[in-house]
Amino acid sequence: MAAFVLLLGVICGVARGQLEVGFYSDSCPDAEDMVTAVVQDAAANDPTILPALLRLQFHDCFVKGCDASVLIRSESNDAEENNSKNQGLRGQDVVDAAKAQLEDQCPGVVSCADIITLAARDAVAMTGGPSFDVPTGRRDGLTSNLRDADVLPDAADSINVLRSSFAAAGLTDRDLVLLTAAHTVGTTACFFVKDRLYNYPLGGGNKTGSDPSIPAAFVAELKARCPPGDLNTRLPLDRGSESDFDDSILRNIRSGLAVIASDAALEKSNATRALVDAYLQGPAAAGSFRRDFAAAMVRMGSIGVITGEDAGEVRDVCSAFNTN
């Protein structure tokens with residue numbers, strides 16, 4: 001698998017806040033290898049779980065920080081995972097499996113929040129993306145509320161809304177471009193494309209149709225895959241390259257072949273469009289894209305982290321808060 005090792009000491013020092021690379025080297029030295037093995041086993045049975053694990057980390061970190069609150073299951077359906085913006089979220093079972101093994105070997109040591117981060121890192125490498133170190137030492141959060149997840153970016157968001165959402169999370173326009181490029185792997189449901197194809201506002205009044213920014217041939221292709229009323233068929237986010245981590249998603253965005261509106265939105269701002277173009281300027285740019293993507297993943301994984309023994313907890317089971 002084509003990959004490189006990114007040393008955090010080069011890009012941002014060996015620690016971010018109280019997180020540090022190798023946090024479990026003494027308390028649970030096999031922790032990272034155990035998570036990797038669980039992800040490998042899951043991917044062997046279902047390769048589509050890899051992009052799902054990337055999405056899981058994004059959906060956790062953008063809601064009150066990377067604290068595994070998205071994993072909480074509620075009998076009253078009022079936890080984060082019950083928010084409609086988490087529709088179709090997968091990968092929780094992989095985190096649960098890794099947690100069970102870690103509890104057998106190192107009880108009460110490795111947080112669910114760190115397992116999410118490690119699993120997402122492994123998912124990137126296993127799809128051909130960069131291999132990189134992530135700092136660990138997160139604690140698990142003590143709350144998970146349905147309405148908190150309203151802040152998650154949406155597939156229909158405009159570029160202004162997306163830029164504001166990322167800025168509120170402490171991320172830059174570059175991070176927006178790079179983390180959007182995670183769509184180089186994975187699929188989406190026709191549900192998230194239907195409005196671009198059939199309900200896009202056209203001029204005044206109530207006239208609707210297809211988004212005019214989509215090339216006609218691509219509209220026809222998408223409509224063939226997603227006929228009216230079909231909400232569940234899945235189609236690649238990165239046309240022609242949905243299984244491999246590469247810069248094809250950026251090329252598709254630049255060519256008007258973005259599938260969902262939020263990806264296409266990168267072309268609607270001079271700032272983000274210039275960043276997309278810069279990552280497509282020859283072989284050296286491809287290397288920069290991989291390095292910068294890894295750095296963006298580390299930054300996202302550091303949003304609102306809980307650290308230190310006086311805050312949060314290390315859950316016994318990822319889907320439930322500790323009772324003691």
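**Entry 1**

I started with R121 and E32, whose side chains meet in a salt bridge at 2.9 Å, N to O. For my notes, a salt bridge is a side-chain nitrogen of Lys or Arg within 4 Å of a carboxyl oxygen of Asp or Glu. R121 belongs to helix 5 (residues 112–126) and E32 to helix 2 (residues 31–45), so this pair links distant parts of the chain, 89 residues apart. Helices here are DSSP runs of H or I with at least four residues, strands are runs of E with at least two, and both are numbered from the N terminus.

Before going on, I noted that this is a predicted model, in which local features need pLDDT of at least 70 and side-chain atom pairs count only at pLDDT 80 or more, while totals for chains, interfaces and linings use all residues. Residues are numbered from 1 along each chain as its sequence is written, and side-chain values use heavy atoms, with hydrogens and water left out.

Are the two partners buried or exposed? R121 counts as buried at 10% relative accessibility, whereas E32 is partly exposed at 22%. My cut-offs are under 20% relative accessible area for buried, over 50% for exposed, and partly exposed in between, with a 1.4 Å probe and protein chains only.

**Entry 2: other salt bridges**

How many salt bridges does a search of the whole structure find? It finds 16. I looked up K64 and D148, which meet in one of them at 3.7 Å, N to O. K64 sits in the loop between helix 3 (49–61) and helix 4 (92–105), and D148 in the loop between strand 4 and helix 6, so the pair ties together parts that are 84 residues apart in sequence. K64 is exposed at 51% relative accessible area, and D148 is partly exposed at 22%.

R147 forms a salt bridge with D150, and their closest N and O atoms are 2.7 Å apart. R147 counts as exposed at 54%, and D150 is partly exposed at 35%. I also found that salt bridges with shared partners join E32, R121 and D122 into one network.

**Entry 3: two annotated positions**

Next I checked the UniProt record, an unreviewed entry, which gives "binding site" for P153. UniProt positions are given in the numbering used here, feature names are shortened, and annotations may be inferred rather than shown by experiment. P153 lies in the loop between strand 4 (131–132) and helix 6 (159–168). At 18% relative accessibility, P153 counts as buried. Leaving out residues up to four places away in sequence, P153 touches F58, F62, L162, S165 and F166; contact means heavy atoms within 4.5 Å.

The same label, "binding site", is placed by UniProt (unreviewed entry) at H183. Where is H183? I found H183 in the loop between helix 7 and strand 5. H183 is partly exposed, with a relative accessible area of 24%. Apart from neighbours within four places in sequence, H183 contacts L237, D238, I249, I260 and D263.

**Entry 4: helix 7**

I then turned to helix 7 (residues 173–180), which is mostly covered, with 6 of its 8 residues buried. Which ones are buried? They are D175, L176, V177, L178, L179 and T180. These buried residues pack against helix 6, helix 10 (248–254), helix 11 (261–264), helix 12 (270–278) and helix 13 (283–300).

**Entry 5: a patch on the surface**

On the surface I noted a nonpolar patch formed by F191, F192 and L231, with about 230 Å² of accessible area together. Patches are made of residues with over 30% relative accessible area and no salt bridge; like charges are joined within 9 Å, and nonpolar side chains (Val, Leu, Ile, Met, Phe, Trp, Tyr) within 5 Å. Accessible areas come from the Shrake-Rupley method with a 1.4 Å probe, and for residues only the protein chains shown count as cover. F191 lies in the loop between strand 5 (187–189) and helix 8 (194–198), and F191 is partly exposed at 33%.

**Entry 6: the whole protein**

Last, I stepped back. I counted 13 helices and 8 strands. The radius of gyration is 20 Å, which agrees with the value near 20 Å for a compact globule of 324 residues; the radius is taken over C-alpha atoms, and the globule rule is 2.2 Å times the number of residues to the power 0.38. The C-alpha atoms fill a box of roughly 60 × 50 × 35 Å along the principal axes. Of the 324 residues, 51% count as buried.
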